[in-house]
Amino acid sequence: MDQEQGVIVSRAARQMIDKGALTGMSSFAPELHAWTPKAADELYERFVMNFDESSDAFLVKLKRQISEGSDEAIVLAAELLFLNMLPLTSATIGAERKLEIVRTVLSWASQAVDIPEHLAAAASPGYMKGGVAFLNYRWAQLAFLIRLARLLIGLPHQEREAALRDPWRFRELAQDVLADYDGKFRAQAQLHVLLFLMFPDVFAPVSVAGNKKRIRDAFAGRLSEPTGDVDRDIFAIRQKFERESGQPINFYDERWRSQWEPPAPPRAQKGWLVRGANVRGDNAIDRWLAEGYCSVSWADIDEIPSGASRQVVRDAVEAALPDAKQGTKDSAVSQLWRFLSDFQPGDLVATVDGDAVYVGVITSDAYYDTAQGRPLARRRRVDWNREPLSRRSLPEEAQAKLKALTTVSDLTPVMAALATDAGIEEQLTPELVDQDETKDLVVPPLSQEFADKLLLPREWLQETTDLLSMKRQMIMYGPPGTGKTYLATRLGEALAGPDRTRLIQFHPSYGYEDFIEGFRPRLETGGTIGFDLVPGPLKNAVVVAEQEPDRPYVLVIDEINRANLAKVFGELYFLLEYRTQKITLQYSPTEPFSLPKNMFIIGTMNTVDRSVALVDAAMRRRFAFRALAPNRPPIDGLLRRWLHRERLPELPALLLDEVNRRLDDPDRAVGPSYLMTRNVATRRGLELIWTAEILPLLEDQLYGKVDDIEAEFGLPVLLSALGLDLS
């Protein structure tokens, strides 16, 4: 942790809170009374009491909840959100991204509001890398800050002043708010961070409660009078060390950190699900919790030593189950080996009993104890958290993983979220946090600069992004020349970056094997032909998307309607709707496959080729649709805006309007892209575009309906109709 940057951040946060709580005035909008009981109550009702349980991105949900509110409530939300993100380093969220998110919230206000320069400067680069709570549970942290601000603002002015000057009184108020909050484990990191921001000379810059306890315990011998209060004890330890050394103490400096931080486990920490609710008809979970262990059965198989190799486990299974089907034996080998040899002390484990989910830490190697019978003999000791989580309250990804039917299964991708909810975040290693698939997907807001470059309304572009974030897949449809492919690609690059945006094109011969995976011939030694299973662009895209689950990946499918969609997508129809589920693909029946939540698909479709009404109903249900038509927003007027920016005459826009007026068919209208070139500045360039691009397009669209395209839509005819002569 960067202590110097921590002081900068703390100073900015303190200034905002003091100004708001003591004067009621906003730090972002100096004339606005945003820190008032009325604004806080409104924000509390809109955000905290109107909890949005959907899996949409945080900003999408926040917009639904508060964007129709008063300016005071919106600005208060923006300032509290800024306080939440302010301490985070670029390893968690970059400074520009912080400012973009806050400015997006501020854009919902009816008046122009921005972040003052001195506060914006404090956002970079932050001083702490957020743990699981800061990565996953921004909504819980914001709810805590709203609750605390509401309580603070509601106090008499004298009590407010006292709380802002007395660190222990302030902590008492914050702890009371946290204790009454259902999401307390998800928000407690915010409490610790806020204490440091408000009183950096008293509270350590530590966001994890378990780390505070480790620091206190490591140096408890230096305390003359331990209080039992972790914060007070650390404060006393800091004071003593600083008096001795004559300089500030940072417990994250290597000299001190090595004395309190536990050594890294022998291999990366993992998370496991072990089922015990039905062990030969009995529910073993109450016994597990009471006696501190978990177990797997396979009672017909004799004792196998802890750490046994797969071959040793396989031999034992084969000897005990000689007549079992091979699939049954393979499953037993895999799960027994995991329990005996892949589990390690320090790994986390969960079990499920109806809606209750219990989480604990494995504390021993495997051992064999038949005192309670062979079905419970194969064991590992576990330090269980006896307070259950509600399965229904967990992230969708975690709920899906907990549905695994096998006795033992891997929960590593969601274990960090479970541990945080259970209040044992201190048991997590950074490696396990980094694998967390429940991280909030960060979909960046679109800037006004981006909208200006495209000459399209920012509101329409942001609404399109919000729809894509909610649905995960979208089709942009309209006649040729409306910029569908260009817009889809630029939008993908704005959301995910050029390296995480890929464009492919469908065509009538495109199939499942081209898109997902298929066998390709390979010439082997001796001239024989073999076959390799080769991933298609969809599977390759999934691999890239899964590497950074909190960043979007965009796959653009140009002319999506030209292929047989049911044939190309196959089993993906199911995954498009159920992103957290896993299926097996027809050529990979032993490998579960899913579409990650951070993978977005944008298809483009020409309505000249096929009406949206003719798209398969199952596909229509799974995609959001966005129309692009020359005579409707946002495309109407696009050519004029482009000509104005390029300082070119308005004539091409007049010609386009006249063509589309005569066509009188929005699905067959001519799009502006044909004329968005500097060649239209000359008569010769305009003639070439008209004869080589626009007239052939019209001839194809109006085949059998108009006898003489030139007589109806030729350039001289249109110029004459407009009363113009360029000869």
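How many helices and strands does the chain have? The chain has 33 helices and 16 strands, where helices (H or I, at least four residues) and strands (E, at least two) are DSSP runs numbered from the N terminus. This is a predicted model, in which local features need pLDDT of at least 70 and side-chain atom pairs count only at pLDDT 80 or more, while totals for chains, interfaces and linings use all residues. Residues are numbered from 1 along each chain as its sequence is written, and side-chain values use heavy atoms, with hydrogens and water left out.

Along its principal axes, the C-alpha trace of the chain spans about 100 × 80 × 45 Å. Of the 727 residues in the chain, 54% are buried; buried means under 20% relative accessible area, exposed means over 50%, and partly exposed lies in between (1.4 Å probe, protein chains only).

**Strands around β4**

Strand β4 (residues 356-362) is mostly covered, since seven of its seven residues are buried. Strand β3 (residues 348-353) runs antiparallel to β4 and is joined to it by six bridges, two strands being paired if DSSP finds at least two bridges between them. The two strands β3 and β4 form a hairpin with two residues between them, and glycine 354 in the turn has a positive phi of about 70°. β4 also pairs with strand β6 (residues 378-390), in the antiparallel sense and over six bridges. Valine 357 in β4 stands opposite valine 352, and the bridge partner of valine 357 in β6 is leucine 389.

**Aromatic rings**

A search of the whole structure finds 25 aromatic pairs. Rings of Phe, Tyr and Trp (its six-membered ring) pair if their centres lie within 6.5 Å, and planes under 30 degrees apart count as stacked, over 60 as edge-to-face and the rest as tilted. Two of the pairs are set out below.

| Pair | Centre to centre | Angle of planes | Class |
|---|---|---|---|
| Phenylalanine 51 and tryptophan 139 | 5.0 Å | 50° | tilted |
| Phenylalanine 574 and tyrosine 578 | 4.9 Å | 35° | tilted |

Phenylalanine 51 lies in the loop between α2 (37-48) and α3, and tryptophan 139 in helix α8 (residues 138-154), so this pair ties together parts that are 88 residues apart in sequence. Phenylalanine 51 is partly exposed, with a relative accessible area of 43%, whereas tryptophan 139 is buried at 17%. In the other pair, phenylalanine 574 is partly exposed at 34% relative accessibility, and tyrosine 578 is partly exposed at 39%. One aromatic cluster is formed by Phe506, Tyr510, Phe515, Phe569, Tyr573 and Phe623.

Charged ends also sit over rings: that of arginine 150 is 4.0 Å from the ring centre of tyrosine 44, and that of arginine 310 is 4.2 Å from the ring centre of tryptophan 337. Here a charge sits over a ring if NZ of Lys or CZ of Arg is within 6 Å of the ring centre and within 35 degrees of the ring normal.

**Cavities**

A cavity is a set of points, on a 1 Å grid over the protein atoms alone, where a 1.4 Å probe fits but cannot get out, and its lining residues have an atom within 4 Å of a point. By this rule there are four cavities of 30 Å³ or more, and the largest cavity has a volume of about 210 Å³, a volume being the space filled by probe spheres set on the points. The largest cavity is lined by 21 residues, among which Ala57, Phe58, Leu59, Val60 and Val443 lie nearest its centre. The elements that give two or more residues to this lining are α3 (58-66), α4 (71-85), α5 (95-106) and α22 (458-471).

Notes
1 Å grid on protein atoms, 1.4 Å probe; cavity = no way out; pocket = protein on both sides within 12 Å on 5 of 7 lines; lining within 4 Å.
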